Amino acid sequence: LNWLLPREASDGIIYQDKEEVVLWMNTVGPYHNRQETYKYFSLPFCVGSKKSISHYHETLGEALQGVELEFSGLDIKFKDDVMPATYCEIDLDKEKRDAFVYAIKNHYWYQMYIDDLPIWGIVGEADENGEDYYLWTYKKLEIGFNGNRIVDVNLTSEGKVKLVPNTKIQMSYSVKWKKSDVKFEDRFDKYLDPSFFQHRIHWFSIFNSFMMVIFLVGLVSMILMRTLRKDYARYSKEEEMDDMDRDLGDEYGWKQVHGDVFRPSSHPLIFSSLVGSGCQIFAVSLIVIIVAMIEDLYTERGSMLSTAIFVYAATSPVNGYFGGSLYARQGGRRWIKQMFIGAFLIPAMVCGTAFFINFIAIYYHASRAIPFGTMVAVCCICFFVILPLNLVGTILGRNLSGQPNFPCRVNAVPRPIPEKKWFMEPAVIVCLGGILPFGSIFIEMYFIFTSFWAYKIYYVYGFMMLVLVILCIVTVCVTIVCTYFLLNAEDYRWQWTSFLSAASTAIYVYMYSFYYYFFKTKMYGLFQTSFYFGYMAVFSTALGIMCGAIGYMGTSAFVRKIYTNVKID
């Protein structure tokens with residue numbers, strides 16, 4: 001299990017003088033396709049003379065994110081300068097030259113690690129007219145130390161050598177140690193980009209969304225206070241009329257459907273599984289963001305992913321509790337089936353996409369291809385952690401809040417739904433419902449996408465927390481308004497409408513991801529494109545399920561409240 005938990009936050013090694021410092025080669029790949037990476041030595045680079053050390057995947061997150069550390073063979077000792085020295089040479093035959101030329105044409109660059117600090121370097125470059133290709137052969141390392149710890153690493157690539165077939169190319173390196181004032185805790189700060197993440201636009205967008213929230217909450221409370229008060233007044237006036245007047249009276253509005261409003265939704269099994277999963281995704285988002293705000297997760301390779309998987313497994317009872325209790329309240333009988341569907345809905349979606357993309361990764365020989373052992377580990381987590389915890393949650397949910405305690409009785413015969421205007425149809429309400437929640441998050445989406453698909457480290461989790469809160473409030477307000485209009489049109493099919501009108505945010509996010517792909521990135525190739533659209537679909541769907549569950553929960557509380565206060569003979 002120690003493999004599952006993220007390692008202690010970047011506990012860099014304390015070095016003695018002259019102690020060996022390992023330079024790990026990670027991966028190489030095209031600059032524009034961040035996820036398309038290959039082992040460093042898949043290009044015909046040569047290895048230094050020092051004997052190799054094998055590296056294993058330290059955490060689940062690393063294994064899933066295609067970290068392939070291999071020893072560079074360079075001899076580096078703590079505080080020991082190395083003068084420019086050759087460490088190996090490449091016999092450049094035609095095949096090797098073609099490999100390098102292809103890499104240089106596609107702007108390949110590589111990543112290395114010293115003491116968990118990432119270093120990037122470019123493979124080579126072409127001259128202006130693209131006829132001659134040059135390889136950088138000299139790695140000039142400058143390492144900053146503070147006391148007995150490494151706090152800073154810089155790489156300068158020099159020594160441009162033209163690629164000519166059947167020649168020998170000498171690869172060389174040098175190391176210079178210099179004292180640095182950077183504190184060990186702050187050594188990752190130089191990788192962050194405050195001018196990008198704390199840009200005025202970012203603050204402005206939050207402020208903008210906040211104004212929208214205040215406006216929406218005001219609108220909702222106004223609609224509810226004024227119209228509901230009017231409705232209550234009208235309904236109580238009608239109570240005082242005698243029967244003759246009442247038959248001629250104009251009874252209309254949401255009170256009419258009181259006998260049907262708590263009728264179970266259609267397909268209760270899938271509905272309650274979706275709501276349960278949505279509550280779990282919300283819990284995971286909340287906890288992971290809080291953890292990320294407290295701990296700097298970005299200093300560790302793959303720790304964000306490890307944390308998310310761990311938290312997802314641990315919050316399974318939430319899914320069981322909400323899904324199971326809702327299913328019981330709707331009078332569902334096949335609760336074991338519901339539990340299985342609820343438990344495996346999200347894992348199946350994620351693993352299915354990953355499995356499909358994995359085939360392409362294997363075909364490309366990319367380092368993103370997930371090893372078989374890791375797949376087995378993820379399946380074990382699903383069956384031996386998520387499922388039992390889900391069962392516990394389901395049993396608790398059925399027993400603690402599984403009794404249908406609705407404020408109104410449900411009539412034996414469903415009443416016919418009257419004709420209504422086209423814009424009151426559930427389908428239209430569903431499509432329009434997602435626009436406002438999407439509007440409140442789409443600038444944050446830009447920052448999150450850029451940190452995932454381009455080379456920025458996302459670290460402003462406080463912003464993300466605010467945006468999550470704003471998203472929840474906007475979603476609930478929008479679905480309550482939609483439901484109020486729907487019930488007033490005497491249509492009592494509010495459960496799916498409230499869920500889907502919030503979940504339709506996902507469609508807008510996915511559409512935005514198309515815009516982002518074509519206008520903000522320069523990705524190309526089957527692997528990167530399928531990776532992008534595959535995982536964007538997973539992300540959008542998960543976001544949609546989460547919003548749907550939040551919308552449904554808010555609306556459900558609202559519907560209960562208004563029907564509790566109305567007198568029904």
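First, the ground rules. This is a predicted model, where local features need pLDDT of at least 70, side-chain atom pairs count only at pLDDT 80 or more, and totals for chains, interfaces and linings use all residues. Residues are numbered from 1 along each chain as its sequence is written, and side-chain values use heavy atoms, with hydrogens and water left out.

Let's start with the aromatic pairs. Rings of Phe, Tyr and Trp (its six-membered ring) pair if their centres lie within 6.5 Å; planes under 30 degrees apart are stacked, over 60 edge-to-face, and the rest tilted. The count comes to 65 aromatic pairs. Take F196 and Y446: their ring centres are 6.1 Å apart and their planes at 55°, so the pair is tilted. F196 sits in helix α3 and Y446 in helix α12, 250 residues apart. Helices here are DSSP runs of H or I, at least four residues, and strands are runs of E, at least two, numbered from the N terminus.

Buried or exposed? F196 is buried, at 16% relative accessibility. Y446 is partly exposed, at 24%. The cut-offs: buried is under 20% relative accessible area, exposed is over 50%, and partly exposed is in between, with a 1.4 Å probe and protein chains only.

Now the surface. Nonpolar side chains (Val, Leu, Ile, Met, Phe, Trp, Tyr) are joined within 5 Å, like charges within 9 Å. Helix α4 gives the most to the nonpolar patch: five residues. F204 is in helix α4, and is exposed at 55%. The negative patch includes D186, which is partly exposed at 33%.

Conventions:
Patches are made of residues with over 30% relative accessible area and no salt bridge: like charges are joined within 9 Å, nonpolar side chains (Val, Leu, Ile, Met, Phe, Trp, Tyr) within 5 Å. Accessible areas come from the Shrake-Rupley method with a 1.4 Å probe; for residues, only the protein chains shown count as cover. A salt bridge is a side-chain nitrogen of Lys or Arg within 4 Å of a carboxyl oxygen of Asp or Glu. Lys and Arg count as positive and Asp and Glu as negative; His and the chain ends are not counted. The place of a charge is taken as NZ of Lys, CZ of Arg, CG of Asp or CD of Glu.
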